[in-house]
Amino acid sequence: MATIVDARGKLCPQPVIETKKAIQEQGTPVITIVDDEIARQNVEKMAQQMGLYAESSEIEGGFRVLIQPVSTDVLSAVMADAGEALGQAIQMLEPTPFPPASNRQPTVVVLSSHCMGTGDDTLGAALMKGFVYALTQLDDAPDTVLLYNGGAKLAVHGADTVQDLKVLEENGTEVLVCGTCLSHYGLTELLAVGSVTNMYTIAEILMGAGKVIRP
């Protein structure tokens, strides 16, 4: 029997936290009911990060997210395909030495405003654009860029910083944008770069960071 998590009306990150707790305490399947598109995406992403299968369906006034283990048939098929592809790839490879282990911890850049500094917003916006561009030119790019509150505006269509954030993403930087913040500013449908995230994930990333940069 599935465990039901009714997270309707609950703010981020409660739907994610309550769903994860239900999975850890009761096992799967778990059905989470939410009334917000961002919450649906966040719950699905959390389940996938745990190695579980998540499927959502629209219901009256919201969404129903079913979380359960990946089916044996699907997993077997994937592993079979992967095994065949891996075998072919191995035949083409030449031995290479392993690089030395690195103790480097992740660098996280936090952008919590669309302006850099205080005093003049026009100047602040220009400074922020310059800062994001500068990140693309560094030899060591940040591992993650977190955008929340006014910083979420940097990742939507029409923002001067979108192209540079795309360059960072293409070069391996994870760009995460607070879903609650997008919703608050009415920008959910305008996200142009990065992935929607939630406050639980933001907290996890900040706790695991070796260096946090806040311009």
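1. Let's start with a cysteine: C178 is buried, at 1% relative accessibility (buried is under 20% relative accessible area, exposed over 50%, partly exposed in between, using a 1.4 Å probe and protein chains only). C115 is buried too, with a relative accessible area of 8%. As for disulfides (pairs of cysteine sulfur atoms within 2.5 Å), the structure holds zero.

2. A word on what you're looking at. This is a predicted model, in which local features need pLDDT of at least 70 and side-chain atom pairs count only at pLDDT 80 or more, while totals for chains, interfaces and linings use all residues. Residues are numbered from 1 along each chain as its sequence is written, and side-chain values use heavy atoms, with hydrogens and water left out.

3. Now the largest pocket, with a volume of about 220 Å³. It has 18 lining residues, and K10, L11, C12, D36 and T180 are the ones nearest its centre. Two or more lining residues come from each of α1 (14–26), α2 (37–49) and α6 (179–184). By type, the lining has nine nonpolar, six polar and three charged residues.

4. Some terms for that pocket. On a 1 Å grid over the protein atoms alone, a pocket is an open set of points where a 1.4 Å probe fits, with protein on both sides within 12 Å along at least five of seven lines; lining residues have an atom within 4 Å of a point. Points are joined across faces, edges and corners, and the volume is the space filled by probe spheres set on them. Helices (H or I, at least four residues) and strands (E, at least two) are DSSP runs, numbered from the N terminus. Ala, Val, Leu, Ile, Met, Phe, Trp, Tyr, Cys and Pro count as nonpolar, Asp, Glu, Lys and Arg as charged, and the others, Gly among them, as polar.

5. Check the backbone at two prolines. The C12 to P13 peptide bond is cis, with omega near 10°, and P13 sits in the loop between β1 (3–6) and α1. The T28 to P29 bond is also cis, with omega near 5°; P29 is in the loop between α1 and β2 (30–34).

6. N149 is worth a look as well: its phi is near 50°, a positive value in a residue other than glycine. N149 belongs to the loop between β6 (144–147) and α5 (162–170) and is partly exposed, at 41% relative accessibility.

7. Finally, G124 lies in helix α4 (residues 121–137) and is buried, at 1% relative accessibility. Its C-alpha atom is 7.8 Å from that of H114, ten residues apart along the chain.
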